[in-house]
Amino acid sequence: QTSRKTVKDIAKAKNSTPLVMLTAYDAPMAEVMDPHVDMILVGDSLGMVVHGLPSTVGVTMEMMILHGQAVMRGSEQAFVVVDMPFGSYETSEDQAFLNAARIMKETGCQAVKIESGAYAARQIAHLVERGIPVMGHIGLRPQAVNVDGGFRAKGRTDSERDIVLEEARATAEAGAFAIVVEGVAEDLAAEITKQVSCPTIGIGASASCDGQVLVAQDMLGLFDWAPKFVRHYADLRTDMDKAFAQYAADVRSREFPGKTETYSLRKPAPKQP
Ligand code: KIV
Ligand code: NA
């Protein structure tokens, strides 16, 4: 039994070797990536990636807990962070604590993540003071898609830039141990990374951050579309399409199953005299 990375390991990576983070939603995916990553994120992107929802707004506490449990079973050394879903923390400090504590207890994960508009500083401080490490998430905040009118990069105008910088400062000062910075231009990501004392984890936020995160299925090429910031490290969609087509052809031609994939009758053991 190896022990998992801790918040201390994450914190000391500031201005050091970049932190490696990927999302996982199930046990086998977590198992394969575990030896290679510092952190695994059970992201609420599972709503879109696994459940086919149009955004992350429909994701529930139950979904996050179920997938969080699976990822914890499949991993052993990574620091596991579970997203708090839309509607589970915004109302009050009490609401945030009750739901975060439930996620921590029922999954055994190491931390939660909150999409931290500047208003969320109260919730972050409240959780951290009570023993729950919090990762922030600023810039493009997918749970705000209905206010933003779509998913688009943030901080590309002066006024928006000030808003994102304020989100970063408020999140860090409230005690977040790390901050995901999503969908911002390189100079802003660099400025945020310089200004906050905790590591920044970029997604579509340039190499100037202290680490990187991607959705695993995006970088594995499972979808026929991916945002500009995704690099494809595999072509899973093509591989799966080929495999399914070959299986269908083999079944229809009775090529599958063959002899080696078939059980035969066991010969009875000879009778003892
Ligand atoms: O839900 C998610 O996958 C995320 C990452 C994209 C940072 O929040
Ligand atoms: Na998320």
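User: Let's start inside: which members of the largest nonpolar core touch the most other members?
Analyst: Ile 40 and Ile 179, out of the 68 residues in that core. A nonpolar core here is a set of buried Ala, Val, Leu, Ile, Met, Phe, Trp, Tyr and Cys residues joined through C-beta atoms within 7 Å. Buried means 20 or more other C-beta atoms within 10 Å of a residue's own; exposed is 12 or fewer, partly exposed is in between, and C-beta atoms are placed from the backbone.

User: Before we go on, what are the ground rules?
Analyst: This is a predicted model, where local features need pLDDT of at least 70, side-chain atom pairs count only at pLDDT 80 or more, and totals for chains, interfaces and linings use all residues. Residues are numbered from 1 along each chain as its sequence is written, while chains are lettered from A and ligands numbered from 1 in the order in which they are written.

User: OK, what does Ile 40 touch?
Analyst: Skipping residues up to four places away in sequence, Ile 40 touches Leu 22, Ala 24, Ala 30, Met 33, Val 71, Ser 75, Ala 78 and Val 80. A contact means that two C-beta atoms, placed from the backbone, lie within 7 Å.

User: And the overall chain?
Analyst: It has 11 helices and eight strands. These are DSSP runs numbered from the N terminus: H or I of at least four residues for helices, E of at least two for strands. Of the 273 residues, 42% are buried, and the C-alpha atoms fill a box of roughly 85 × 45 × 35 Å along the principal axes.

User: Which residues of α4 are buried?
Analyst: Met 64, Ile 65, His 67, Gly 68, Val 71, Met 72 and Gly 74. The cover over them includes α2 (27-33), β2 (39-42), α3 (46-49), β3 (79-83) and α5 (93-107).

User: Where does UniProt put its binding sites?
Analyst: An unreviewed entry gives "binding site" at Asp 44, Asp 83 and Glu 115. They span 72 residues in sequence, yet no two of their C-alpha atoms are more than 10.7 Å apart, so they gather at one spot. "Binding site" is also listed for Asp 44, Ser 45, Asp 83 and Lys 113, again from an unreviewed entry. Bear in mind that such annotations may be inferred rather than shown by experiment.

User: Is Asp 44 buried or exposed?
Analyst: Buried, with 30 other C-beta atoms within 10 Å. Asp 44 sits in the loop between β2 and α3, and beyond its neighbours within four places it contacts Thr 56, Val 59, Met 64, Asp 83 and Pro 85.

User: What about Ser 45?
Analyst: Ser 45 is found in the loop between β2 and α3 and is buried, with 21 other C-beta atoms within 10 Å. Leaving out neighbours within four places, Ser 45 contacts Thr 23, Thr 56 and Val 215.
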